[in-house]
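Colleague: I am new to this structure. Could we go through it together?

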There are 4 protein chains.
Amino acid sequence: MSKKINVGVIGTGRIGKMHTKNIVNNFINVNVKSVADIFVNDEIREWAANLGIENVYKDYKEILNDSEIDAVLICSSTDTHSQITIEAANAGKHIFCEKPIDYDIERIDAALDAVKEAGVKFQVGFNRRFDHNFKQVRDLVEEGKVGDVHIVKVTSRDPEAPPIDYVKVSGGIFLDMTIHDFDMVRYLTGSEVEEVYTNAAVLVDPAIGEAGDVDTAIITLKFANGAIGVIDNSRKAAYGYDQRVEVFGSKGGITVSNDTNNSAVLSTEGGVFSEKPKYFFIERYKDSFLTELTDFFDAVENDKETPVQGIDGLKPVLIGLAATKSYKEGRPVKISEIEL
Amino acid sequence: MSKKINVGVIGTGRIGKMHTKNIVNNFINVNVKSVADIFVNDEIREWAANLGIENVYKDYKEILNDSEIDAVLICSSTDTHSQITIEAANAGKHIFCEKPIDYDIERIDAALDAVKEAGVKFQVGFNRRFDHNFKQVRDLVEEGKVGDVHIVKVTSRDPEAPPIDYVKVSGGIFLDMTIHDFDMVRYLTGSEVEEVYTNAAVLVDPAIGEAGDVDTAIITLKFANGAIGVIDNSRKAAYGYDQRVEVFGSKGGITVSNDTNNSAVLSTEGGVFSEKPKYFFIERYKDSFLTELTDFFDAVENDKETPVQGIDGLKPVLIGLAATKSYKEGRPVKISEIEL
Amino acid sequence: MSKKINVGVIGTGRIGKMHTKNIVNNFINVNVKSVADIFVNDEIREWAANLGIENVYKDYKEILNDSEIDAVLICSSTDTHSQITIEAANAGKHIFCEKPIDYDIERIDAALDAVKEAGVKFQVGFNRRFDHNFKQVRDLVEEGKVGDVHIVKVTSRDPEAPPIDYVKVSGGIFLDMTIHDFDMVRYLTGSEVEEVYTNAAVLVDPAIGEAGDVDTAIITLKFANGAIGVIDNSRKAAYGYDQRVEVFGSKGGITVSNDTNNSAVLSTEGGVFSEKPKYFFIERYKDSFLTELTDFFDAVENDKETPVQGIDGLKPVLIGLAATKSYKEGRPVKISEIEL
Amino acid sequence: MSKKINVGVIGTGRIGKMHTKNIVNNFINVNVKSVADIFVNDEIREWAANLGIENVYKDYKEILNDSEIDAVLICSSTDTHSQITIEAANAGKHIFCEKPIDYDIERIDAALDAVKEAGVKFQVGFNRRFDHNFKQVRDLVEEGKVGDVHIVKVTSRDPEAPPIDYVKVSGGIFLDMTIHDFDMVRYLTGSEVEEVYTNAAVLVDPAIGEAGDVDTAIITLKFANGAIGVIDNSRKAAYGYDQRVEVFGSKGGITVSNDTNNSAVLSTEGGVFSEKPKYFFIERYKDSFLTELTDFFDAVENDKETPVQGIDGLKPVLIGLAATKSYKEGRPVKISEIEL
């Protein structure tokens, strides 16, 4: 058996912790040797000790300087992603980077250039591509079951708006939340978005508007292959996390429904009751978070292409910036206006 | 028991025949005394005789001149609706008019003015408001079950594109097909559309494009109450007539699925198979066509308000004209631009 | 056009009235000339007048003596069915008889003998065979979609127990309610029941037990073709009329779900709510009541076989008697024990 | 943190391997110190080494003799369960025993006596109680959502019949397959089965009949609390593993549907297609296998009651023996007849 892949996890917030636990519990050939967190404390140290992790650092550079480390997971705050990507690439580490790489196109380009030059593997954490439902839609589309794609629709609604402090630094709904949906429409159609028009409003919470953002949006899209699409978002669906897609084409259509914790249906005099969707992304996309790592480590170990490349990290940001501009200017915006 | 309402049906195409049969079979207090069709022939005469209809005319004016006739159903070709409405109103007949009243705003205004002056009942044939599913959505919205409406979505796809000859005179997809959806969003939200943006393409059949129309469209909407919405259309869904709506608000959401001819689900080694949606509008909206007449004759007999008034005939045409303009100019268009 | 079929309806209770209205509204070639009801009163007379029915009798013999009458619908109380069938057959009338023909095997045999001798058409009112869902199951089974039938399951639960006075004269749940399900399993499998075992209890209302009946039952069945089956009944399902079937075979299975008045699904913080099943048989089987008459009049007019024959009226009674005996004796009972 | 629980796994077939992997991957406080398998070979040794397991034995007694071992999982062949249970109890080990404990009542009694005397924890592997769907049904029943239970129904069909060699030693379908369903009805109703009647046949494969077993069965049940029930089984459902339950009571009913790998629905001209049920028990009950161990180790570590006790291992065997007897004698059989 080949030697284990040594991994360092940078950032031990909710996502960093989840990835770490997934690796420890599921990958025999992968060893989480070190974790780093600028806010390291006793709780993190105990958590790491329980998982048998050797090193807990405050400074991620200690991970990059460890020649035994083969790959890093960048799970720190968004504003550090591009910088750490560059440093990790320069240190010759394979990189799994949480989305988005950055909100700034130049910084993304710099990060992707560094990756390219170093020749390391690079994967962006668009985990929803690995979801059992959406992957099935993509597979059926690729098999030609719907023929040529005419319309793609994504419904993506969160169960709760994030704290206003987070909203203020989030980059706005289109870069923070819709970015996953921009990735999804590219994934489902296999085509690039060329133009967006944003119809948005502040309907959930006036404080979000005061923070300069919107909380409800419908974004229409034009694709390079001629298809058209629409995404609808809300920061707050009272019934939980609403995650559905539909692809419609010349031969038919595919829809998916939300996952629920059970399929029990209770019928009484008062009506017919069934379960709400799974609460939020950690529960809903649990398996996909594991699958994306499976593919990443497979790419590292067997020198394969990663399934979500640098361009897949860049494009949704471009679309997000165009969507933002469209909302502000009240007109359709071409992606090419942003790329310039 | 009160005397029967005497009715004349003008136009005996598919819709005119259906309405006539519905009346004969279901309304004890209503008598279809006469029908008129410019293309009257032996087949129509035999059909009318079998239903016990007294008179079959070539010229609808014979119906208008019959002082025993209380009400008319205008089911002739669209370009005659406004003119016949005016004449019927002047003759003091109550009017049930198939949609649309006209494509020309001035002619619609003239027709509605005539109706108003004559003080006759007037109802536009937006039958989908009477559909069991959509009415339930509307009722739940009115009861406040979803709270304030944030997003309304309508999917409306035909099973087959109409003949190209029809496409050429149809007024375009937005006035011919989407007009029902424009009525639906007004009905479901209880609010007026203020602005539309049209994203459309020719994906089903190039001949439709050559005829100056589109066959696939996504139209986003802004409402007076702050809500936003989206309609998606296709002239051809391979699996049949796709008619779904969704209303999402502060307290939750409502969706409906398509009606099918049966609920049988066959599970085999090859998969799980269920029934396609009902084929087209005659089958799908069968009951609603009956219900709209029930309400119309109730209004006539008991001097009530009709449930779909003149304004409801005008507004969807305005939205349709704005959607057309938006598509042609590639920008959002306010309804107020059309009204001027 | 051929001359109209003249019909007399005997018994103008709920079912008799429904059939009459269905004929008047839907069959151009059929004329309800006369109705008879032993409890005839002004309300019935007015109802008949409104439908344009010529004669309203107290004595059904006046219908049988009318040489212009071609066919009769026997909708009177169960204890009169076999006697009137014999008299109507002797009078040369075609017969549509509500289920059951009788509870007494000898009287059923006598009625069927009279029908045979007279050579008139005879159809029993097992309307559920004409239901859109169950007919589709039967069609798929006949097409071989499930291969050889191994298991058939019927769930049949009423929304409310009938009045105790009715329970006392009903012949018991197996002859009054399950009889429809006994017909259904014969219809779905295309095979005869050979043995039954009844597992039953009084769980809904002790008064039903005091009246000598049960209100909850599971009946297992063995079929001539080797298949096995099960029916479960309840006199009271809190959520409404529960009518489902399942056929399972060597190649797969078919299930159907309940019909509802609409497909709206409301999702809120409190859960996901959908519509209850249609309330009871008049609503649920509305279309099937019409379809069974279509087939009956087609058989009369065009000298075809009726779709539900005398044997189909006899067999479910035999099974019902066996089910009753099985419950009383606590052991499996062969149908052949009853036939002797 | 408390010291780890040391576990020995006896039997490393499919189930033994699955439990072992589940423990290694998910329980930080549990250590699989040793495994034993009478057919130990290099493949098992390598598998164990990869999981970091210290000892691999041929003789399970080496596990029982290891004073550091706290608990054992008995996953060996059924005929060894009761004997090893006795020895493990005598050795003071807590015991998780796969179902069934034995097919012989006296041997089960002896095993349970030994457990009782030793005062060790004992849990039987009825994993389906921990399934997300069935647990939800049980919870809703316990909360009184359906009121008093009137009818319980279990559908349990395998995707493929086992090899004939297995059928011959399986103890018969009622002890091998239905035993899970006997446990399920006890679990769902919270009441004991008092009488069974078995309606069964050989419809899937004549070879199963030649081996002295049946492959298709409907078993009706009477419960101590007055409820009645029915289980239907098939050794081969062409569409996969069919696992559904229904509980019906005075206030309503609960149903569950099968789990599928995804919720994608493809609609084309040919129909509407969705995913088949998950293939078989390893996939379908994946999470429940983990949850049952969570509860077992919780009981061991915190000196709690196990959730599936000795009586729960005994009762389904009694019912299975009664079901077998009922089939052979063609009559209802009381459980008390078996207990004597």
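Modeller: Let us begin with one pair: the side chains of B:E246 and A:R157 form a salt bridge, at 2.7 Å from N to O. The term denotes a side-chain nitrogen of Lys or Arg within 4 Å of a carboxyl oxygen of Asp or Glu. This is a predicted model, in which local features need pLDDT of at least 70 and side-chain atom pairs count only at pLDDT 80 or more, whereas totals for chains, interfaces and linings use all residues. Residues are numbered from 1 along each chain as its sequence is written, chains are lettered from A in the order in which they are written, and side-chain values use heavy atoms, without hydrogens and water.

Colleague: How many salt bridges are there between chain A and chain B?

Modeller: The count between these two chains is six.

Colleague: And how many residues are in contact there?

Modeller: On chain A, 42 residues are in contact (heavy atoms within 4.5 Å) with 42 residues of chain B.

Colleague: Changing topic, is C:V300 buried or exposed?

Modeller: C:V300 is buried, at a relative accessible area of 14%; buried means under 20% (1.4 Å probe, protein chains only).

Colleague: What does C:V300 contact beyond its neighbours within four places in sequence?

Modeller: Its contacts there are C:I5, C:H94 and C:K121. The C-alpha atoms of C:V300 and C:I5 are separated by 8.4 Å, although the two residues are 295 residues apart along the chain.

Key: Buried < 20%, exposed > 50% of the residue type's maximum accessible area, 1.4 Å probe, protein only.
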